[in-house]
Each structure stands twice: as C-alpha cells, then as structure tokens.
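Biologist: I have a chain to go through with you. Shall we take it question by question?

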Amino acid sequence: MTATVPLRPAHDRPGPAPAPARPGRRRRDRPRGPLHPATWAPTTLVVLVLAAGWSAVAAEHPYILPRLSDVGLALADRPEVFLSNAWSTLSIALVGVACGAGVAFALALVMSEVPVVRRALMPLAVVLNVTPVVALAPGLVVAFGFGMAPKVIVTAIITFFPVLINVTTGLRAVPEPVLHVFQTLHASRAEVLWRLRIPYGLPYTLAALRVTMPLSIVGAVVAEFVAAGSNGGLGTLISTSASAARLDSVYAAIACLATLGVLMLALVSAVERRALFWHESQRTHASRPRRSHPAQRTEEPPR
C-alpha cells in the first residue's frame, strides 16, 4: 500500500524567505539630536534670509530699522544696563506667573470637584480674560502705587486664564472607565484627585505653562509701559529710547525680551520632557513603528 502525503493548503505553504534588512535603513529611524544638520540647518537658513532682508531695508531706510551692527554695538557698549533691566523685567514676570498660575491651579482643583463653583466662577473668569488689561493698569497704579505690586497683578491677570482653562480641562478629561475602576476600589475623592486627576491633567498643565511663561514677559512689559514713574525694566527702557529716537537701543531691548522668552520656553520644555517621559507626546521618532522595506514583505502565493 502506497503512503500518501497530505497536501497542505496554499495559504499554509511556506513563502520565500525574507531578504535581510539593509543596515543603512535603520539609521534613518534614529532620533536626530540638536547638533544634527537636519535640526539646525532650516532655522539657520531662515534666520540668514531674514537678516539679509533686514540689512537691505536698514540700508535704504535707516529711520525704520537700524542696522544689525548698530544693535550689536548698543548691546556691547552698555551690557550692564540691559542686564539690570532684563533682571527687573524677569523678576516681575516670574512673580506674576507664579501668582497667576498658582491661583488658577488651586481654583481649577476646586472647580473640578464642585460643579456649582465652576458654574459660578467660570463666567467671571471669561469676563476678566476679555477685559483689556491696559485699561485696568492705570487703576492698579492708583490703588497700589508705582512699585512692583501693580506690575505683578497685571502679569498675573494675563497668565491666569490659560492655566485655569487647561488645568480644568485636564482634571475633567479622565476617562469614565478609569473612574469606574477607582470607584470599584472604593477610592476616596482625595485619592481620585491626587492619584488620578492630577497626573492625568499634568500634560494639560505643562502645556499651559508653555504658553504662559513667555506670555508673562509680555505682561511685565505691558505693566512697565503703563506704570508711569517706573524706573526699571526693559519696557521702560524701550519707552525712553523710543522718545529719544534711539532705534538701536529699542531693538536691542526687544532682542533681550525675545531671548528671555526663548529661555523660559526652553526651561518649561525641559521640565516637560522630564516629567512626561511616560506620555505619548514625548515619544521619540525611534519608538514609532518603522515601515518595512519592500524587500522584506512576503506576499502570499497565488492559490
């Protein structure tokens, strides 16, 4: 009797062996560092183009834009003036954002736990946000004098609303199934807030700080503009330089303000990368699923 070997279906038959992956393909999937040309070259090219356009306009119309060399000389001739005024503006911005963000975070915690408070205070927060802060500043100067207090209040008002909205959204965005799990475990309201809502809302909080930290510089400068009698800060330096038609000093002070804003944004981004290493927004390019090479794909043989 002749033995017969059972035939396997076509979809169970082994296909062609996949070709080995090329070593050069893996290098493209590695995360690029800040020193990689693909990271800094595009920004450098844009900066060079803008500098060339600035120089062209400054050469033809020096009363509109000063030469970049004049701005650099203004910074080099009086570095102590710009540093002292930058520190004055930075101190106002830091104190103001600490007060505004702190009050907003505490109020968001209460509003997330007590809906009545949220319905009562959220319209007032919206009204405060849409009110021009420049209109409030003179009254604050009359009430609190020409010191640091009215400037801190103006900065706190500007930075208050973004933190309030983001933190409230983050605390209330916890998925319902996760809340049901905590309720099944008989977790108290404090445990749900501390162990679930606050960690889940941390990305929203840091996203708000990425906006409000540079925005605090704007609030401090606005406060210095409207606080008559102020004797320090980059805002005051811009006002006095503009009244004397010193465009080089004006744009030198603006360059200092831009540097402060970039440094504050970089600080928040560094904290965000450290604190949210577990979050999907901080995953690097290397953690993404890589596309397979056409040579590695195995096609099903026709039946």
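Biologist: How many salt bridges does the structure hold?

Modeller: This is a predicted model, where local features need pLDDT of at least 70, side-chain atom pairs count only at pLDDT 80 or more, and totals for chains, interfaces and linings use all residues. Residues are numbered from 1 along each chain as its sequence is written, and side-chain values use heavy atoms, with hydrogens and water left out. A salt bridge here is a side-chain nitrogen of Lys or Arg within 4 Å of a carboxyl oxygen of Asp or Glu. The number of salt bridges in the structure is four.

Biologist: Which helices are tied together by the salt bridge of Arg197 and Glu113?

Modeller: The two side chains meet at 3.8 Å, N to O. Helices are DSSP runs of H or I with at least four residues, strands are E runs of at least two, and numbering starts at the N terminus. Arg197 and Glu113 are 84 residues apart in sequence, so the pair ties together helix H9 (residues 189-226) and helix H4 (residues 79-113).

Biologist: Are Arg197 and Glu113 buried or exposed?

Modeller: Buried means under 20% relative accessible area, exposed over 50%, and partly exposed in between, with a 1.4 Å probe and protein chains only. Glu113 and Arg197 also belong to a network of salt bridges with Arg189. Both Arg197 and Glu113 are buried.

Biologist: Which residue forms a salt bridge with Arg210, and which helix holds that partner?

Modeller: The side chain of Arg210 meets Glu272 at 3.5 Å, N to O. Arg210 lies in helix H9, so the pair ties together parts that are 62 residues apart in sequence. Arg210 is partly exposed at 38% relative accessible area, whereas Glu272 is buried at 8%. The partner is Glu272, in helix H11 (residues 247-275).

Biologist: Why does Asp248 count as buried?

Modeller: Asp248 forms a salt bridge with Arg246, with the closest N and O atoms 3.3 Å apart. Arg246 is partly exposed, at 39% relative accessibility. Asp248 counts as buried because its relative accessible area is 18%.

Biologist: Which residues make the nonpolar surface patch of about 300 Å²?

Modeller: Patches use residues with over 30% relative accessible area and no salt bridge; like charges are joined within 9 Å, and nonpolar side chains (Val, Leu, Ile, Met, Phe, Trp, Tyr) within 5 Å. Ile64 lies in the loop between helix H2 (37-60) and helix H3 (68-77). Ile64 is partly exposed, at 42%. The patch is made by Val57, Tyr63 and Ile64.

Definitions and conventions: Areas by Shrake-Rupley, 256 points an atom, 1.4 Å probe, with all protein chains shown as cover.
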